[in-house]
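User: I would like to learn how to read a strand and a ligand site in a model like this one. Could you take me through them step by step?

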Amino acid sequence: MSDRRPIIGGNWKMNTTLAGARDLAQAVVQAIGQDGARQADVVLFPPFVSLAGVAGTLGDGPVALGAQDVYHESDGAFTGEISCAMLADCGCGYVLTGHSERRHVIGESDDLVGLKTRAAIASGLHVILCVGELLEEREAGQTDAVNERQLRAALAGLGPDAAPRLTIAYEPVWAIGTGKTATPADAQAAHARIRQVLGELMGDAASTSIRIQYGGSVKPANAAELFGQPDIDGGLIGGASLKAEDFASIVRAACSDPARPR
Ligand code: PGA
C-alpha cells in the first residue's frame with residue numbers, strides 16, 4: 001500500500017492559443033471540482049506563451065502551473081531559451097524535463113536533460129523528469145537499461161534533499177500519442193525497477209517518497225487500472241488533457257484508489 005499523494009499532469013504540448021488555453025484551464029478547474037483538487041496534485045503544462053495568461057486564470061486555486069521545458073543557464077545570450085527564474089516569475093511551480101519529444105524530436109541528449117533537471121531543482125522548481133524507451137529498445141529487452149541510463153544521467157550528483165522537488169514520469173515512447181498503452185503489469189514492472197534505481201541513487205527514504213507517473217495514451221477508460229498498481233502514482237496526460245472532462249475523469253480515477261491517502 002502506498003501513501004504517496006497522486007500527481008496528475010496535463011501536458012498540452014504545442015496546442016492552444018492564449019484564449020483557448022485560458023478557457024481550457026477554466027474548464028479543467030470546474031470539471032475537477034474541490035474534491036479532485038483536495039485529493040491529488042494537479043498540474044497544467046501549457047505552451048510557454050500562455051503561461052502567464054493561464055497563471056491569471058488559475059490564480060491562487062489548487063491547480064498548479066508548469067512549463068514543458070526550461071534552459072539550464074540563468075540568463076544571457078541563449079536566443080529562444082527560457083530560464084528557471086523566468087518560469088517562476090510567470091507563476092510556474094513545476095517543469096518537465098526530458099520529455100521524449102524533446103529527446104527524440106528535438107534531439108536533447110541525456111547530458112542536456114541532466115543539466116536542465118539539476119538547474120531546475122536547484123532553482124526551487126518541482127521537476128517532472130520523463131524517461132522511457134523506444135519501441136526497438138523495448139523489443140530488444142532494454143526497457144530497464146534505458147530507464148536506468150536516463151535516470152543516472154539526469155540525477156547524477158543529486159542527494160535525498162532533492163526528493164521533495166522530484167517526480168519521475170515513465171513514458172514508453174511507443175505509447176505516446178499512439179493509442180497503445182503499456183499493460184498495467186508491464187508499467188508496474190518498469191516503475192518498480194525505476195524505484196529501485198532511485199533507491200540506489202538517492203537512498204531508500206527518497207525512493208519511497210518520490211512519485212512515479214505513468215504516461216502514454218492514458219484515457220478515462222484505462223486510468224483506474226494503471227493507477228491501481230502499487231508503484232504508479234498518477235499520470236502525465238497528453239491528448240486526453242486537452243478535453244477538460246476526460247482529464248477530470250482521469251484525476252478522479254487517481255483519487256478513487258482506496259490505497260491512496262485522502
Ligand atoms: P499522450 O501523451 O497521453 O498523448 O500519449 C503523453 C505525454 O507525452 O506526456
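Predicted model: local features only at pLDDT ≥ 70, side-chain atom pairs only at ≥ 80, totals over all residues.

User: Which residues come nearest to the ligand?

Analyst: There are 13 residues around the ligand, and those that come nearest are K13, H99, E171, G177 and S217.

User: How should I read the directions of the side chains in strand 7?

Analyst: As a general idea, side chains in a regular strand alternate between the two faces of the sheet. In strand 7, R211, Q213 and G215 point one way, I212 and Y214 point the other way, and all are buried. Because five of the five residues of this strand, residues 211-215, are buried, strand 7 is largely enclosed by the rest of the structure.

User: Which strands pair with strand 7, and in what sense?

Analyst: Strand 6 (residues 166-170) pairs with strand 7 in the parallel sense over four bridges, and within this pairing A169 has Q213 as its bridge partner. Strand 8 (residues 234-237) also pairs with strand 7 in the parallel sense, over two bridges, with G215 standing opposite L236. Between strand 7 and strand 8 the chain passes through helix 10 (residues 220-227), and this β-α-β crossover is right-handed.

Key: Residues numbered from 1 in each chain as written. Heavy atoms only, no water. Buried < 20%, exposed > 50% of the residue type's maximum accessible area, 1.4 Å probe, protein only. Pairing = 2+ DSSP bridges. Right-handed = clockwise from strand over helix to strand, strands pointing away. Near = heavy atom within 4 Å.
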